[in-house]
Structures are given as C-alpha cells and as structure tokens.
Amino acid sequence: MASLRELYAVPEVDSHWTVPQEYDVIFDWEFDEGRTQLMHLYQKGKDMQWDALERIDWTLELDEENPMQLPVEGNALYGTPIWNRMSKKDRALYMRHSQSWNISQFLQGEQAALICAAKIVGQVPDMDAKFYASTQTMDEARHIEAYKKLLQKFGVSYPMTRPLQVLVDQALRDPRWDITYLAMQVVIEGLALAAFGTIRDVSQNPLAQMVNAYVMEDEARHVAFGRLTLRDYYPTLTEAERDEREEFLVDACYLMRDRFEGREIYEALDMPVEECVEYTKQSEINQLFRTLLFQRIVPVVKDIGLWGPRIRAAYEDMGVIHYANQDIDAMQADDERIAADFDARKAYVSAIAAKGGLGSTDADATAAE
Ligand SMILES: [Fe+2]
Ligand SMILES: [Fe+2]
C-alpha cells in the first residue's frame, strides 16, 4: 500500500513536522465519579468504536471523471472562462485534484485532532475529560486510516494548508488547556462536521458517502465533548480571561474561513494561479459554502458562554450569526441516525446477495443505487 508521500502533488514536502511543547501534565488523584453527561459520552465513545477495514466496503470505487460524483456546478471555477476553455480531460483532472485536496485537508486535520486529543489527555485536570479524550484519540487514529484509504483511491494527495497549520500550531503551543479545545473541538472539528456533511449529503458516490457518514458519527461526539467541558469551565474564568478566548476565537474563525483558496491545486496543474484564486473568491457557491461551514460552530460558541460583543460582531460580519440557535443535540442525533441507515442498507444488500437474490456482488449492488 503506497505511502501518501508518493502521492503528494506538491514537490518537497517535509517528512515530519515538529512542534515544541511546554505545558504541565496533570494527574487527577481524586478518581471521583465524573460528570454524568461526560461519563455518558465516554460510554458512547467506547460502545460506538468501529473498524474502518470492516465497516466500510473498500471494494467500492470512485468515479473516473468526477471521483466523488459531486455536482459539477459546485466547482468554484464552473462557468468561468477558465472552465469553458478546459477540455473534458482537463476538467476530470482538475476535479480529481480539487476533491483530493479537500479530502487531504480532512486527513491532515485528523492527524492534528489525534495529537490535540492526546495532548488533552495529559493536560486537562479532570479524570472524566481524560477518559473521553482517550476515546477520541482512538477515534482519530481510525479516521486517519479511513481517509488515507480513500485518498489512495484518488491516487493524488496534498499536504496541510498553511492556515490550518498556523491554527494547529497555536493550539499545540498554547499552555492553556482550553485553547486546544477551542481550536480543535470547537473550530476545526465544527468546520469538519459541516464539510463532511456536504459530501455525505451531496455526493452520489457510495464510498465517499459512507466514509464521511461514519466519521461524522464520531465527530459529533467530539464537538459535544468540547462543548460539555468548556461550558463548565468558562463561567469560572474572569471576564478578562474570557475576552482573551473570544479574541482567539475570532481570529481562528477568520483564518479558517479564508483558507479555501486552493492555490496548491492550480500550481500543481499549471493553471493561471492568480486568475483561478480570484474566480474562487468571487464564486457564489464558494461564498455559500464558507457560510455553511459555520453552522456547527456558532451554536456551540454561544452555548459555552463566549458570546460577547466581539464574537457577535464577527459572526454578523461573516453572515453566520443566524446559526446561533441551531439545535446541536438534534444535529448530533441526526448524524448518528444517518450512519445507522448506511449500516442498515449495507446489511440489507448483503442479506439479499447471500440468498442469491442478486446476480451481482455486494459492491455492485450498492454502487448501482
Ligand atoms: Fe476525526
Ligand atoms: Fe474528531
């Protein structure tokens, strides 16, 4: 199985990234019962572990021309003079690269989540939070496996974009444990949930749908973990301390919103980079997408009590404040239900195939839906 190194479309990617650390690890010698909701989430984390090798049908393939079978109109360049000049073959190559760039950011983000969750195990003071962070650490390792396998099907991949690297670096270097949560469980995983959700719900490719639906089931718990921990912690801080968090959050949100340039794709494909970036910025579909990305972040930020004038002004400016009252618990329940639907469909197809009711294989039957 190829390592991703051989699949990078960017030359000279470093083989490792080192982030120096300076923080206290904390032992909890009380071993008390733990908070009910957090222990409940931990139990769920244990019960709902799954194996990417078994739960996902890896005999399924991506589409030759449009790997994840996403709507072509959803492309940032669609309908521009650049798009109109491209041959069918060039468009297929561009779609393969841009979709792979997207999944690559998911994969890179998964490794960042793995490392942040492990950092939280050591750094957070309470045992119940250490317990939960340990199940998250395992979840993230499984997500890396799943996205790596998906990327191998693309045959091309991309390194972590600079803005994501900047935020992860801040999350890891900051000695305050809650900043790791803010950057990872609130901002990065909140964004990821929305981005995974678009693929799960819009893609027509069964493999891409399945991978994202299963990962989302776990990510919804991770976001809930951040929310439960920070909701208890922030009321204990001073207003000045909460202000610092709000400032961090505003910067992080702008940084993530403005990262969708895809410059690396245009460079790799020898396309007119500045022109493409300009079209991407103007693209209506891209602007809509950038707004949608915040639907899982804004209600959490409100819920954890970082809802001062600075945050509200930023979300007004970004046009995402209307997400503030979304029902987060209902969204998490939906994510779990949809993942269960995928399991049910797969079990149904296998049962029919086992009875000899289908002339095709399990994989063909799912792909033909
Ligand atoms: Fe993950
Ligand atoms: Fe996660």
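1. A residue is called buried if 20 or more other C-beta atoms lie within 10 Å of its own. Going by that, 38% of the 369 residues in the chain are buried. Keep in mind that you're looking at a predicted model.

2. On to the overall build. You'll find 16 helices and zero strands in this chain. Its radius of gyration is 21 Å, close to the 21 Å that the globule rule gives for 369 residues, so the chain is as compact as a globular protein of that length. The C-alpha trace spans about 60 × 55 × 40 Å along its principal axes.

3. Now the contacts. Take those with a separation of 6 or more: 82% of them join residues 24 or more positions apart.

4. Next, look inside. The largest nonpolar core has 74 residues, and the members touching the most others are Val187, Val211 and Val301. Leaving out residues up to four places away in sequence, Val187 touches Leu182, Ala252, Cys253, Met256 and Ile297. Another core, of seven residues, lies apart from the largest one, and its members include Leu77, Trp101, Tyr266 and Cys276.

5. Two backbone spots are worth a click. Most residues other than glycine have a negative phi. Phenylalanine 31, though not a glycine, has a positive phi of about 45°. This phenylalanine sits in the segment before α1 (36-47), and it counts as exposed because it has 7 C-beta neighbours inside 10 Å, where the cut-off is 12 or fewer.

6. Glutamine 69 is the other spot, with a positive phi near 50°. Find it in the loop between α2 (52-55) and α3 (81-85). Glutamine 69 has 19 C-beta neighbours inside 10 Å, so it counts as partly exposed.

Terms used. Residues are numbered from 1 along each chain as its sequence is written. Chains are lettered from A and ligands numbered from 1 in the order in which they are written. This is a predicted model: local features need pLDDT of at least 70, side-chain atom pairs count only at pLDDT 80 or more; totals for chains, interfaces and linings use all residues. Helices (H or I, at least four residues) and strands (E, at least two) are DSSP runs, numbered from the N terminus. A nonpolar core is a set of buried Ala, Val, Leu, Ile, Met, Phe, Trp, Tyr and Cys residues joined through C-beta atoms within 7 Å. Two residues are in contact if their C-beta atoms, placed from the backbone, lie within 7 Å. The radius of gyration is taken over C-alpha atoms; the globule rule is 2.2 Å times the number of residues to the power 0.38.
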